[in-house]
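Let's take a walk through a structure with several chains, one piece at a time. Have a look at it below before you read on.

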Amino acid sequence: MMNSEFDRRDFLKVLGWGGTAVALTGCGNGMVESGKETVVSYVETKDYMIPSVSVYFNSTCAQCDAGCSITGRIREGRVLKLEGNPESAINRGKTCGLGQAGVQNHYNPDRVRAPLLRTGNTGEAITWEKAYALIDEKLKGVSGNEVAFLTGGMSGHTKVLMGNYMDSLGSKNHFVYEAIGPAVVRAANKKSYGVEMPRFNIGKARVVLSFGADFLGAWVSPVNFSQQYAQFRKGSGGHQRGVLIQVESKMTITGANADRWLAVRPGTEGILALGIINALGAHGVSIPGDIAAAVKTYDKDRVSNDTGVSAEQIDKIAAILKERTPSLVLAGSAAEGYAHGSQNAAAINLLNHVLGNVGKTIEAAAIVPFPQMAPLTGNTAALKALNDGLAAGKYKVLFSYGSNPVFTSPAAMKYKDNMAKADFKVVFAQYLDETALQADLVLPLDSALEDWGTQVPEYMAGNAQINIRQPLMEKLHADTRGMGDILLTLIKQRRAAEYKPFDDYYGYLRAAVLQNKAALGGANQPDNDIFWNETLSKGIIKFEGAKHASLSVKSGAAGLTLPAPSAADAEYPLQLIPHVNANLRDGRNTNQPWLQESPDPLTTIVWDSWIEIHPKKAAELGIVEGDIVEVTSKSGSLKVQAYIFPGIHPDAVSIPLGRGHEAMGRYAKGYGVNPFQILDMIYDKETGELALHETRVKISRTGNRVIVVKDEGPVGGNQEGQKIVPEMLTNKVNLSKEI
Amino acid sequence: MHSFLRLSLLLLGFFVAGISYAADTPQSNPVDPGVDGSAIDKAARQKSDSGGSAFSDWITKYWAEGPDNIGPAVKQPIEFPHFRHAGDHDKGGMEINCMYCHTYARRSLVAGIPPVQKCIGCHQSIDEVRNKPRIKKLFAYWDAKKSIPWKKVHDLPDFVRFSHERHIQRFVFQLNRPVQEVCGYCHGNVKTMTVARRQKLLSMGFCVTCHEIKHPVTAPGGIPIGNQAYWYSMRKPVIDASGILKAQGPNDCSVCHK
Amino acid sequence: MSITTLFENYSEFRHRHPDGDVPHNPYKWAMAIDLDACSGCNACAVACYAENNLPVVGREKFANGQVMHWMRIERYWDHDGSEFPERGARYLPMLCQQCEAAPCETVCPVGATNHTPDGLNSQIYNRCIGSRYCSSNCPYKVRYFNWWDYPSTDNVWPAEMNMQLNPDVTVRGKGVMEKCTFCIQRIRGAESDAKTQGRLVRDDGELQTACQQACPTSAISFGNLVDPESRVHKQWMAQQVELNKHEQAKDEEPGGSDLRGYRVYEWLAPYPSIMYLERVRETEI
């Protein structure tokens, strides 16, 4: 049928290919993708700008207050990924999951993009000129002590500028608020060691006894502590592997990694600490007279009865602490969250004195030689003071920055209502969170990845350092501003002459750094530009040989009294432990979807809240996984799904913090419940801090049940007899050949 | 009978169309283009001037007789004359090295379109052509600091990782072939064009054709060529009929598919 | 495939580690993960999301088991009947084991998953037709299928979030299978840079996978198993774990081995490229 002269072209014509063959072959090798026809080329470029080759800039992470240094990978002018900066003594090149999500904060679709002025129940976008003018106007005729500033922790030049602005207004009302900061531990440390935050040398310790200090999770500087933990497990200086003992009422991720996790009756951590000191004495460790007197009645049987930890276990702990030195004893959020939290922490800190750890694993932290830049740390007592002032109508103008108290304060405090009593409320925010929604004026902030600044971390892991923050790319949204730039504009309203030389915050920073060039490592660099660029490029200013705060060796046992374990409350039988997890913390980063989808390390639950109940208690109450239970405290109630969890004391239940947003963005709103709301207003007697663990609740089934959305399968962490994650005991394993 | 014939013709047609798409006519004996440039390039040059019916255009576009094919003529904001810049002296060109402008080719995945600064770098001193219409357009972009919206001529799908660096490093710096020839393997004889026009099919088969050519692994004397004694290939180097140890180019999927 | 192959002895097929044709020369990428250092913090998983354009599927799809985490942290309890988990939990970072004799490679109807000369299991997205046979065969269940059109219909990267996408990694559409690639884009990039400089990739931190780079406890080692200077090589040697054995000599010792290195599901003979170091617990407490 086929003629040999039959050309392919004619053949196809005969077939009547009509479009069929075109569909098969027409996808176009080498055709230009539609919509992408224009090549983005440059007008002028720098030499280092090579398309498809990444450029790296150093900056400082702002997802929490630890102050880890980051290196951003930038392609064609956009930051894509954050890595740790190996040069920082704090994070040594590592990042946590929260740090990784910094890019999601920067590119978040729910960021506020323009200044918003309240008109009724909506916000009208206005210009920055109008916003500044409005602030100026509202401050007229208002005296300095009627103006209040609520911020989170602050340090560096922004803190200085903020202080100067307040000064120009004649206001001394700066309330530094942290919802979950270790404020009680800071105060206890000050009493026990002479400094609020000494340096903890976990890597050097042979035993770490942690009373609820979640140092691998969300406590103080987790990336640094994780690095040290790895060293600790390997054993340093020829020593064997370190031993971790965790004592708490609800298992944290640090507890999950412990060699021995001890469930302790909520609130009795201090009693256990004194019991261990008593046992140490019984084991032959010499105890100073005043401490021995204080612990005389805390024999192991009494302590075992009070705390629920067996006498045998107390003996074992004392034995291993005596044998393996130096050790390190940490008091964490679990210990401090009670009305007697300060006493708990003081008792725990005593152990370090008895064991001789002060000066060995508890060291003096280095201090940055610029005290004005030193960090302001926050606490909940500050919020209480502000709240009381607002309730009394003391403040006419309120500035809010870096905090979300409408979300993180107990509903019983009525902060939202009290905030409304101020005439003019300005909130500096990246998102329209719960507090921003109560503002009269919302001023949109730059993200940390597009802003300038300096940061001094509270926890100084190595030598003193000042962290530099520089933009990793051009501003994403034209109408956001850096906090430094906003403060500079505001202060120019009052001190124009003094601040005239600075066009912007960048100029102010540069001038400030150059002014102190010699002290900041530039003594041998005569060229200012080179020094400035080198400083920015390194991202960290290090101070070798900086002064160290000195530690006191006074033990402070005097006056230490611990209350007896709290009696059972028939109406509210369970202790509520609101849990701080590493990613969500106090809820400031909940609108970052990677964090919402990152399974909780203990329960593997995502995108929702849950209440952890011990299997014994759950059986008693007839609760199974997924039951919606109503959790009621004296101050409020909420409904949440139940999760049966063995790592919690049967008299306690736990709900994670950070979810339950009613605003803030599409990834945060409507997911989970907010246990902050139902907390009782009970305070630590010594510091006035909100006692986060003192709330007692009752739970009851509602009759509804849901399927819990979690990563673990229905087998729920059971290896089913397979060798998936075996373990080796120290008396069997040979670690000597490991590298 | 007729309906049966028609049906079988139709089915046969489906088969042939399908196979032609899948097979993409690889050559049985891949030929190293060599130093002088091949007949393929000549044919490409001829084809670039072809007119013809839409159908014949379609055929030349998609139905390969050889490994080269023609893309559509792409209209650029400024009709840049490659022949003036890269062309031979005796044709009025300046023989500028391709990589003077497309400077990233030796160190990046992409060759790069030069920034406007590159053009101005020379043209700010060339008074003779300063008032030509296209030069005036160029300076208009420069004065406004606006980037010239060049249109893409060569594109590969997003799932392909093509590295210009690897190819330039191999052919120009290791094998010491002339730059114009190396660029020409895929981009054709650009020095005869004004604006670039796609000369080759740029399909996977086009790339694989070259990657299947067996190259000597070592130079005479056993010295690895270009200091590299390893080849990304699923098949080990073998000694062929000529007695030389030869291997192919990378043919592991993950080298090009990201 | 012919009649004769039907009579071949298939019990031998893929029981031996395949060697010969595919060289591990000069690279064989492998990992060692120290479970005593791993704290279960999930930083590696989030870093993987950032590096590899992983879609966040949202709550409903997560409930359907359609999550896309290439690296996941599995948490196990001791289940020894005690009232509390006094030995803590056991964390296992589970990711594609890049098996030498991967059960997924043999069953792909279109050959979208193959073995590379440098020892990885490659996944070619545009060839995948979505039969999901490979994930069915995977004993570790580390293959993830794009059940939905995440980039367009689900719009998981709205507005500015799409600017964060890594251009070195394909954004997968609906109907293709994906899995951990040992950050092959970084591997190829480092191999290319090294090749331009006329050398091999060094084990000095120039090439790190995203998970390894993020891990706060440095629990993950990644590198070239056939490079005697690399940390990974030294770890595998010290633990006496050989890549191409499915039963290790050290486990035959009476009383078992006192070394920590093991591989998950080693007895199924997929010859995985990831060695785990067992977690340790103190006996004196």
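Where in chain A is the place of Glu76(A)? Glu76(A) sits in the loop between strand E2 (69–75) and strand E3 (78–84) of chain A. Before we go on, some ground rules: this is a predicted model, where local features need pLDDT of at least 70, side-chain atom pairs count only at pLDDT 80 or more, and totals for chains, interfaces and linings use all residues. Residues are numbered from 1 along each chain as its sequence is written, while chains are lettered from A and ligands numbered from 1 in the order in which they are written.

Helices (H or I, at least four residues) and strands (E, at least two) are DSSP runs, numbered from the N terminus. Two strands pair if DSSP finds at least two bridges between them. E2(A) and E3(A) are joined by 6 bridges and run antiparallel. Together they make a hairpin with 2 residues between them, and Glu76(A) in the turn has a positive phi of about 45 degrees. Within this pair, Gly72(A) has Leu82(A) in E3(A) as its bridge partner.

Glu76(A) counts as partly exposed because it has 16 C-beta neighbours inside 10 Å. As for E3(A), 7 of its 7 residues are buried, so this strand is largely enclosed by the rest of the structure. From Glu76(A) to Met483(A) is 407 residues in sequence and 26 Å in space, C-alpha to C-alpha.

**Two open sheets**

Chain A has an open sheet of 3 strands in the order E17-E18-E19, with antiparallel pairing. Strand E17 (453–455) and strand E19 (540–543) of chain A are at the edges with a single partner strand each, so one side of each has no neighbour in the sheet. From one strand to the next, the twist averages 20 degrees. Helix H6 (residues 156–169) of chain A lies across E17 and E18 of chain A, at about 105 degrees to E17(A). That angle is between axes, which are lines fitted to C-alpha atoms (for helices over the stretch in contact), and angles run from 0 to 180 degrees between N-to-C directions.

Chain B has 11 helices and 3 strands. Its 3 strands form an open sheet in the order E1-E3-E2, and the pairing is antiparallel. Here the edge strands are strand E1 (215–216) and strand E2 (238–239) of chain B, each pairing on one side only. Of the 258 residues in chain B, 24% are buried.

Here are some strand pairs from the model, side by side:

| Strand pair | Bridges | Direction |
|---|---|---|
| E17(A) and E18(A) | 3 bridges | antiparallel |
| E2(B) and E3(B) | 2 bridges | antiparallel |
| E26(A) and E11(C) | 3 bridges | parallel |

Each pair has facing residues you can look for. Gln455(A) stands opposite Asn467(A) in E18(A), and Ile239(B) stands opposite Leu245(B) in E3(B). Met728(A) has Val280(C) in E11(C) as its bridge partner.

**Where chains A and C touch**

Two residues are in contact if their C-beta atoms, placed from the backbone, lie within 7 Å. The contact takes 63 residues from chain C and 71 residues from chain A. On the chain C side, H2(C) gives the most, with 7 residues. By class, that side has 34 nonpolar, 12 polar and 17 charged residues. Here Ala, Val, Leu, Ile, Met, Phe, Trp, Tyr, Cys and Pro count as nonpolar, Asp, Glu, Lys and Arg as charged, and the others, Gly among them, as polar.

**The core**

A nonpolar core is a set of buried Ala, Val, Leu, Ile, Met, Phe, Trp, Tyr and Cys residues joined through C-beta atoms within 7 Å. Which residues touch the most other members of the largest nonpolar core? Among its 290 residues, they are Ala273(A), Ile276(A), Ile277(A), Val442(A), Ile611(A), Cys44(C) and Cys48(C). Apart from that core lies another, of 11 residues, including Cys98(B) and Tyr185(B).

Note on methods
Buried ≥ 20, exposed ≤ 12 C-beta atoms within 10 Å, placed from the backbone.
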